[in-house]
Amino acid sequence: MSKYSALTQLELDAIGFLEGFQVPSWNGPALPRPQGDDGLEEVIDTVGTLIARNQNLIQAKDGLSIEYTLRGITATAERFLYGSEDQVEGAALLRALLTYVEAFLSRLFPDRAHRDRIASAFSEFRGTLELRAARPFVKPHRSDSSPASSRADDYSAFTLETPDQFTIGWTTFQDLFRHGYPHVDDYVQALTDPEAATRQFWPMIRSTALPFDLFVLRKLTAATVADYRTNFGTGWLAEYDDLLGAANLYGIDMTVFSGLAPESLSDNTVRFTPNSMVLLTMDGKKNLTPIAVYVADPQDVNNAQTYTPASPAWIYALIAVKTSMTVYGIWLGHVYTQHLVTAAMIMTGVNTLPPTNIIYQLLAPQSNYIVAFDLVLLLAWSSLSPPTSISDTGKFLSLCNAFSARHDFFSTDPANLLATLSPDDFSDPAINNEAWNLYPNVQVAQKIWAMVASYVSAVVDAGYANDGAVTADKDLASWIGSASTIGNVAGLPKMNSKAALKAVVTSVLYRITYHGAGRLRNVGAPVPPFAPNYPPCLQSTTIPDPSTPLSTADLMKYLPNIGTLGSLITFYYIFAYNAPNVPLVPYKGPEDELFFDQSKYPAANQALIDFRTDILGFISSFQPDWVQTGQWPRNIEL
Ligand SMILES: [Fe+2]
C-alpha cells in the first residue's frame, strides 16, 4: 500500500486559492494524501475510475424515459434532468475537474518525474473526454462552448408543478420505477395532507436512508432541553414541560449549520440549508410524532419561526427539518463519520503498523481507495458533490470543524448515538421478540456492528494472548499515538488491553463495512430519489409565517427544482449502478482471498470467512428480492 501524510494547512489553503473560496483553519481529523510513486498512481487511478463511473450511468439515465409536462413542455425525465447533450455537459464538467486536480497534484507531487506522469495521465483523460463528447448520437450543430444556462433545453430553474412529479427521479432501468410506484400516493400525501405528514415523519426516518447514519433522535432531559427552550422562545408551550416531566419529550437538534451561507447559482436559483429543531412525543402505542418545529436562518438567528401541527405552514416546517437532516446526513453522518475519521485512522495505521502485524493484516485489505477518493472530493468538489448548499470545500471543512469539536472518536458509534433512548420504547412484543423492532435502522446498525465486532474479537484473540501482549506491542502504541497527534483523532484509548484494541478496531472496521450497505438497491431506492423524502436543499431562503396558509403550489417552490434533481439523481445513481472495484464477499466465495498469514493465524482466517458469510446472510435477508452479494464493497470507494 502507499504511505500517506496529512495535508498541511498551506496545501488546504492552496485548494481554496485555486478555486476561489475561503478555507478555514482546519481542526478536524487529518486529511491524508498518498505519497510517492505508488501514491500518485493511486490518485490517477481514482480520477480514471470516476470518469468511467459517470459513463456507466448511461443505461440508468436512458431509463429516465417516462414523460412529464412542465410549463407546457412535454418531455422525458431524462430530457428535463439532463437536456439533450448530457454527454457534452458531463464531459465539460469533468474537463473542469481535471484542470483543478492536475494543478493541485502538480503541487503535491513536485518531482520532475511525477509532473511528467501527471501531464501524460491527464492528457489521456482529456482525450477520453473529447471522444465521449464527440459520440455520434450527440446533436451535431452545436460547436460553440456557451454555458448551459443559455441553452434552449436547459430546464434547471424549473420547479415541479405537482408533488407526484417527483417520480421524475426514478429510472425504469432495473425496474426502479415499478418498485417505487406503489408508494407514490403515500409520498404525495406527506406533501399535501398535514396529518399524513405528521404521521409519516418518524416512520420514514427510522427505516430508510441508512448511509446518512441519522441516529440523531434524543430523549430530552432537564439538562439537555435548554437549547430547545432558548430557540423556541415564546413558542415554547407549557405542555412541552409536562411532557419533559413525564419523560416523554424527544428532540432532533439540527442547528449545526450556524454561519453557513446559502448557495446562489448562475441560473438565479438558490440552495438553502436551514437550522432547525423538532420536538416529538410518543403515544401509548409507541408512535413517535412531531409536535413542534423551529426553523432559522443560519446566518441570522433573529430570522426564525416556530410551528405546531395547527400552523397552516406545518408541512413546510417538516420539510425544512428533513432538509437539515439530509444535509447533516450526507456531510456529517456519512462523509465526516465514515470517510474522514476512518481515513485518519487508516493513514496512521498503514504508516506505523508493519505488514506482519495482525491488525495491519486485518485493516489494510479494507483500507484502499478511501484516501485518494477523499482527496479528489476535496479537489473537485463542484463536480462530485451532491446539490446541497455546502457548495465548496471551504464550507464543508467549516461544517466539519463545528461537528468535530463536539464529537470524539467513539461518540459516533451506534451505541453512543442511541444512549439516551430506551430499547423498550422502540420495541413492540406484538410484532416479534426482537429489540428495536420499531426502529429498523437501529436493528441494521446493530446487526452489522455485531458481525464486525465478532470478527475483530476473534482476530485480536488470535494475535494477542492477554492484555499484557497488547501493552507489549509497541507498534500498536505508535499507531494510536500517531492517530491522536498527527491524525488529530480525539478520544482514543491507551493500548493496554484487548478490550481497548477491540473497541478501536471495531469502530474503524464498522464504518468501512456499514458504508458498504449504501450500494444495495433497497437502500438507495425508491425512497431518496423521490427527493421531498430527503430534500438536499430548500430552493428559497424565505422562512414562511407559520400562520399563513401555504398552498401546494407555493410549497413546490421550496422543493428541489430540476437542476437540483438532475445533480441529485446522478449522485445517487453512481452508488446504485456501479459495481464495486472489490466486493466484500469475494466472487469465488467467502473462502477465497484470505487476509492472514495462515501458518500463524488460522483462527483469524476462519473468522474472516465467518464474517463474510454473515454479511452474505445479512444481504439475503435484507434484500431477499435481489441478493446483490457482489454490490457490497470491501473498501470505502466513494
Ligand atoms: Fe461514501
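# Briefing on a predicted model: sheets, helices and domains

Four bridges join strand β3 (residues 67-70) to strand β4 (residues 73-76), and these two strands run antiparallel. The model is a predicted one, and its protein chain holds 25 helices and 11 strands. The protein chain has a radius of gyration of 25 Å, which agrees with the value near 26 Å that a compact globule of 638 residues would have. Along its principal axes, the C-alpha trace of the protein chain spans about 70 × 70 × 45 Å.

**The β3-β4 hairpin**

- β3 and β4 form a hairpin with two residues between them, and Arg71, which lies in the turn, has a positive phi of about 50°.
- Within this pairing, Thr69 stands opposite Thr74, a residue of β4.

**The five-stranded sheet**

- An open sheet of five strands is arranged in the order β5-β6-β9-β10-β11, and its pairing is antiparallel.
- The edges of this sheet are taken by β5 (218-219) and β11 (300-307), each of which has a single partner strand, so that one side of each is left without a neighbour in the sheet.
- Helix α12 (residues 314-352) packs on the sheet, where it touches β6, β9 (275-282), β10 (288-297) and β11, and the direction of α12 makes about 75° with that of β10.

**The contact of α8 with α9**

- The axes of helix α8 (residues 184-192) and helix α9 (residues 194-207) come within 6 Å of one another and cross at roughly 115°, and the crossing of α8 and α9 is left-handed.
- On the α8 side the contact is made by Asp186, Gln189 and Ala190, while α9 contributes Ala196, Ala197 and Gln200.
- By class, the residues of the contact of α8 with α9 comprise three nonpolar, two polar and one charged.

**Domains and the surface between them**

- The protein chain is divided into domain 1 (4-147) and domain 2, the latter given as two segments (331-521 + 585-631).
- The centres of domain 1 and domain 2, taken over C-alpha atoms, are separated by 28 Å, and 30 residues of domain 1 are in contact with 31 residues of domain 2.
- On the side of domain 1 that touches domain 2, the elements that give two or more residues are β1 (4-6), α1 (9-19), β2 (32-34), α2 (36-55) and α5 (86-108).
- Of these elements, α5 provides the largest share of the side of domain 1 that touches domain 2, with seven residues.
- When the side of domain 1 that touches domain 2 is sorted by class, it has 22 nonpolar, five polar and three charged residues.

**Backbone features in loops**

- Ala525 and Pro526 are joined by a cis peptide bond with an omega of about 5°, and Pro526 lies in the loop between α22 (521-524) and α23 (552-556).
- Ala247, a residue other than glycine, has a positive phi near 55°, and Ala247 is found in the loop between α11 (238-245) and β6.

Methods
Residues are numbered from 1 along each chain as its sequence is written. This is a predicted model: local features need pLDDT of at least 70, side-chain atom pairs count only at pLDDT 80 or more; totals for chains, interfaces and linings use all residues. Axes are lines fitted to C-alpha atoms, for helices over the stretch in contact, and angles run from 0 to 180 degrees between N-to-C directions. A crossing is left-handed if the near helix is turned anticlockwise from the far one by less than a right angle, and right-handed if clockwise. Two residues are in contact if their C-beta atoms, placed from the backbone, lie within 7 Å. Ala, Val, Leu, Ile, Met, Phe, Trp, Tyr, Cys and Pro count as nonpolar, Asp, Glu, Lys and Arg as charged, and the others, Gly among them, as polar. Two strands pair if DSSP finds at least two bridges between them. Domain bounds come from an automatic or database domain assignment. The radius of gyration is taken over C-alpha atoms; the globule rule is 2.2 Å times the number of residues to the power 0.38.
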